[in-house]
Structure formats: structure tokens, C-alpha cells
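User: I am new to reading protein models. Could you take me through some features and show how each one is read?

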Amino acid sequence: MSSQFFRSELFTEPREYEETPLRDRKQKFPNLDHDEEKAEFLRDVIAMANTARSWGKPAYLLFGLNNQGNLSDIWDDLQRYCRSERALVDKDEKGLVLVAEQIRHRIAAIFGEYIDPPLHQWDFRLEWLEGNCVAYLSIEPDCREKAFHIARDLVIRHGRRRKVLLSPGECWIRSGESKRDIDRRKLDRNSPCYREVPFVAPSMWLRYFEALRSNLKAARIEPYIDLYDARGKLLAAVIQEWLSEGSRRPILIVAGPPGSGKSTLLCRIVAELANESIQAMEETRRREEFRQPPNWIPVYFPLRETQIQSARTLAKEILRQANSLGNWWTGEPSAPEKLLEHEELQWLVCFDGLDELWEDRRVESFLRQIRTLWRRYPRLKVLVSTRPVVSLPNDIECVHLAGLSERQILQYLQAFVSEANKPFYQQLEKGLSNPESELYPLREICTVPLYLEALANLIAPETPARTEEVLPESVPPDHDQDSGGSAKSEPSEGGSQPQPIPLDELISDIGDEKQTPDDWSEDLVHEEEAGPPITLGWVLDRVVRRVWDREARRRTVERLKLDRWWRATGKLSLTIDGHRRFVEDETARRHYSSRRGLQWVLNLDILRTSREGIAFSHPSVQHYFGAEHLRVDKDPHRWEKECTPDFWQSVTTILNQIQYPEVSY
């Protein structure tokens, strides 16, 4: 036979020949002259035909594969259909063609006599594989109004005894890797099961887990910082303990500031569970234990720009998210969410970024939905990450991330040190450890991994972004070029703080061109050909702008709004002028002209909210934004009268540093 039409992969690829609703394999070919074997053959064919009808995909009966998936020669089983009076058919290509034609005629006659409605869309093929004769019967989906069933009875008699093997109207469909009886009337108008709920075979689970693992780039980020909760317990251990509790505590929220590693943590947990399930399913396939479910079925579900109307809609979206990687169906079943009800499957849904829903009412609605979701699907657990800018209910357990320690900060930065940047790192290390150092405030700022990653980028500009959503990003151009050609200050001895230049002199040296975040389009790599400056203002300028630009890459926001929010943050810094630490929430909102603008800055941990009101997360960050506002303000003198002397000194010192950065080498 022409092998170009024979699907040999059905016998050589485990993902093709494993028993599923659309695959049924046999070691031998039945003796269709024997009534009991013929009856079993008809049951198998009708079950496969109804399954193909339900799935809308072809089904296959494979002949010549044993339980271990090894080829088994069926040539002797086929001889009975083509014996001549003198000799057996030759075991060659010509004999194969003759045997195939004879069996096709025999099968067609049996189908015509016993199956209703008539089954037309089928084919029978034979081939030699590795010296073995194998065959398959393919059945194409045929969406008749009536399901396929037995057309007439098949009875055998032994003397006076009568045994009914098949009765008119009997009907079967595949369930897993076996067939089951089903009322034909239930199939006549609506195909059941797989048009409602997808069946996921071992190979389909494997495909999903492998795609999930490869899709989570954040899970592969190195170096990785182990995170701890507020009690000092390793967060990965906390989550593992939570998973092992079964239905107790079905929902867990992980809260931490922006860039604290929440997304990376979730991705690593999902990837680890996917790895465990891959190993489990590979062993399941090896042992042919197709009923064995995977360990955990993790689903990574980012909430950015998500619109969910109800718990039922959310359940469907979870399965759609999984199907986007697993390709469990091409045409969506009517009730895919019923897969979440399977008594042997354990699901972990990781919702990343509750704060991405922005509005409090949407957050509250979503939390109600996941409560309803768990009550409806008790074998499902929900892990949620969020920034601490949303109100969380008391009845849902929340684990708060602890800030990074000095040891963690330095260990992370050391991973990016080379001979070229070692002097720069050494000065940073000394400054972070010395409370008297100008650079010491960076220690508190870098307890948040987002800012630590930005600082690492100063050491090694090729530092990877920490989350998988972040695209390669542009960073601010060198502000030193705005100095109008003025001479830069000389390096200070021992890293001491340079004396601030009078404000009048600073402002007169600033050119007419004023940079805003809209001008950030060049890379930092070329900036520091003379060596990295190590003043606090210079570092803050690069770190804060990188963090701001990173967020701009993650969200779709008009650049004009970003410019306005940047300037509003600087103005707010000078409004909180040293006489006070907080402003009322409404006062802060008016600076940004919208709640969304304030939320943007809160999400970056530049501002924080508390019972007293809105404040900057760190005094040095506030001083930097105040300096940045003075740098472009047309009338900077008006602010000096309102601010305390200490606050004004700190702001103008940083203004000096971002306008005339100190050069170390």
C-alpha cells in the first residue's frame, strides 16, 4: 500500500496512541465470523462514532498495539478473510492490498446491517511497520440528528438456549479510555460530555504543563531573592504549608509593595508545580495508568485589564486561560468550567495583581466572586497577589512580605559585580552599611526588590527586568547635558557630601530645554564613560526614573498624563514642606487631577497611604522629587519661604547633585 496515506505516527508516538476518548487500541484484530467478537467490535465502533460526533474530531480504532505501546503483528489474524483453497495470501505488498480490500468489504457489510443511522465516513488502512502488520479504522465526525446505535438484534443460539448479544437501540459512547452505555435519546439532539466539558488526556496535560513552564519567563530570573513574611518565615514554605492543608483556608493573599517580587514568586510556584506534574504524568503514561490525575493543576492568571462579571464567568475564564496553553479544545464546550468539579483534580489558580483592578468597588466585587468560586468548586485553591493599596477583608488570610535585609541587598548586588564596576560597588557597599554615609538612605529604599533591581542596573546596565511582563525598556538620557557646559564639581574626598550651589546659580545654569519623562529614550550605558558618580542625588535620579519608566512600559497610559503626574509628584513634595509629613487624601488627589494619577504613584511605592493621609515612602525620594521640580520651575524662590531649613537644604543638595553630578574616576 502507499504509505503516504497511512498515519504511522498513530503507532509510533505515545501522544497519538494513548487511549483517550478518540483512541482505542487493540492488540489483535477481531474474528468477525465469531458473533461475540463481532458484537464487541460493533460496540467499539458505535462508541467511537458517537464520540467523534460529540468532539467534532476523527476517532481511531488501532489494531496491533499491546498494553505497553509495543507493535504486535496482526497478519495471522487477517488471513482468515482472504484464504484461497490452496494457500495463504503472501506476506508482501500485494497481499496487503488484497487483505485490506477484503476486510473493507466485510466491515461495510456489517456496518450496513447493524448500525443506524448508516455510518459512511470511515476508512480502514493496513501497513507494515518495523516488520509488523498493523491497521487502523478511522471514523470521521458525522453530526447526524440521531446518534449511532444498533439497528437490529444479534442473537446466538445453543440448542434451546438463546443469548442476545445486541439489541435494537443500544448505544455507547467513550468515557475516558473505556466505553459506557448511554440513552440514545440523550445523544439525538445534543452531544453530551465533551461538547459540555473537555476531556483532558495525559498527553494534553503534559502539553499544558510544558507550555505553562516555558511561558513563565519570570520563573527563570536569576539571581532570585528568597522572600520572607513579616514573621520572618520563608514565604515559599508558608505557601507550601497552605497547599498541603486541603480545603482549609481556600484563599490566601500575598501583599507587598510594587516590585517586591510577588509576580516572580507566583511564577516560580506555578513553574515548580508544573514540573512536579510533568514528572507525575510522564510516569502515568509509562505505566499506562490513564486514570491517574496530575498532582496540582496550577493556572497563572494576570488580572491586568480583566473584566469579570460573575463567578461563573470567572470559572470559564480560568479554563480559557489554561486552554490557551494546553489547546484542550478548538471549539469551546458549553460548560468547560465543569472540569473544575472533577473529584480527582486539584486546582491552584494564581491571580496576579489584585490592585490592577484599580477601583475599590471592582476589588470588592472580585473578592466576592472568588469566595463564590471556591464554594462552588471546593477542590480549587486561590492564591492572590496585590500591592497594599487596596482594602482587604478581614475574613481572608493575608501574608505580608517583609522588606529585604542588608545582607539580601548586598548579596543580590554582588551578583552583578565585575572588575570594571567593582570600585563603584565597593563605594555602594560602604555607603549602605554606614549610617553616617550620604548613600545610607538607599538601604531603606532598596528593601523593595523593584528599587534594588534598578540599583543593580547602575552596576550592570544589562540587568534583566524582574517580571515577565516587562519589555526591554528605555531609560532617561543624561541630565548632565542640561548643564549648559558649566564645569562640574570636583570629586569630594572620602565620599563626603559636596556643598550645595546657591539656587540662583543653579537656575541660571539650567538651559531653556527642560527634560520630562517624555524625553526618556536613550540608554544609560553610554553615560558614564568617565566612571560612575556616587552621590545620592545621582543614584536616586537614575533609580527613580528607571522604576517610573518600567511602570510606563507595563501599562497603557498617555505620555502627557505621565508628564503631568511626574510634575505633580514634584509639586506635592514641596507642598509637604518639612513642617508636616502627610497631606489629606483629597489634597493629594487634586495635585494629580484624578484618582488614577494618585494611584499610579502609590503603585510605585513613591507615595504611601495611612490613616494620617498620604506621605512619601522615603524622605530621600521626597527630596529628589522636590529637587526635580525646582529644576524646571520658573519661580523656584517661592518655595524656599514655605519649607523648613533642613528640608530645603536636603532638596537643594540633591538639586546640586542631579545638575552637577560628582565624578568618581
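Analyst: This is a predicted model.

User: Is Arg567 buried, partly exposed or exposed?

Analyst: Buried means under 20% relative accessible area and exposed means over 50%, with partly exposed in between. Arg567 has 39% relative accessibility, so it counts as partly exposed.

User: Which residues gather in the patch of positive charge on the surface?

Analyst: In such a patch, like charges are joined within 9 Å. Here the patch of positive charge on the surface brings together Lys561, Arg564, Arg567 and Arg596. Helix α18, residues 559–575, gives the most to this patch, with 3 residues.

User: Where is Ser138, and why does it count as buried?

Analyst: Ser138 is in strand β5, which covers residues 132–139. Its relative accessibility is 8%, and therefore Ser138 counts as buried; the cut-off for buried is under 20%.

User: Which residues does Ser138 touch?

Analyst: Leaving out residues up to four places away in sequence, Ser138 touches Ala59, Tyr60, Gln121, Trp122 and Asp123.

User: Now the backbone. Which residues other than glycine have a positive phi?

Analyst: Two cases can be shown here. Glu130 has phi near 55°, a positive value, and is not glycine. Ser593 is not a glycine either, and its phi is positive, about 65°.

User: Where do Glu130 and Ser593 lie?

Analyst: Glu130 is found in the loop between β4 and β5. Ser593 is in the loop between α19 (585–592) and α20 (595–603).

User: Are Glu130 and Ser593 buried or exposed?

Analyst: Glu130 is exposed because its relative accessible area is 70%. Ser593 has 56% relative accessibility, so it also counts as exposed. The cut-off for exposed is over 50%.

User: What is the peptide bond from Asp116 to Pro117, cis or trans?

Analyst: For this, read the omega angle. The bond from Asp116 to Pro117 has omega near -5° and is cis. Pro117 lies in the loop between β3 (115–116) and β4 (122–129).

User: How many helices and strands are there in the protein, and what percentage of its residues count as buried?

Analyst: The protein has 23 helices and 17 strands. Of its 665 residues, 55% count as buried.

User: What share of the contacts joins residues at least 24 apart?

Analyst: Take the contacts between residues at least 6 apart in sequence: 75% of them join residues at least 24 apart.

Terms used
Residues are numbered from 1 along each chain as its sequence is written. This is a predicted model: local features need pLDDT of at least 70, side-chain atom pairs count only at pLDDT 80 or more; totals for chains, interfaces and linings use all residues. Side-chain values use heavy atoms; hydrogens and water are left out. Helices (H or I, at least four residues) and strands (E, at least two) are DSSP runs, numbered from the N terminus. Buried means under 20% relative accessible area, exposed over 50%, partly exposed in between (1.4 Å probe, protein chains only). Contact means heavy atoms within 4.5 Å. Patches are made of residues with over 30% relative accessible area and no salt bridge: like charges are joined within 9 Å, nonpolar side chains (Val, Leu, Ile, Met, Phe, Trp, Tyr) within 5 Å. Accessible areas come from the Shrake-Rupley method with a 1.4 Å probe; for residues, only the protein chains shown count as cover. A salt bridge is a side-chain nitrogen of Lys or Arg within 4 Å of a carboxyl oxygen of Asp or Glu. Lys and Arg count as positive and Asp and Glu as negative; His and the chain ends are not counted. The place of a charge is taken as NZ of Lys, CZ of Arg, CG of Asp or CD of Glu.
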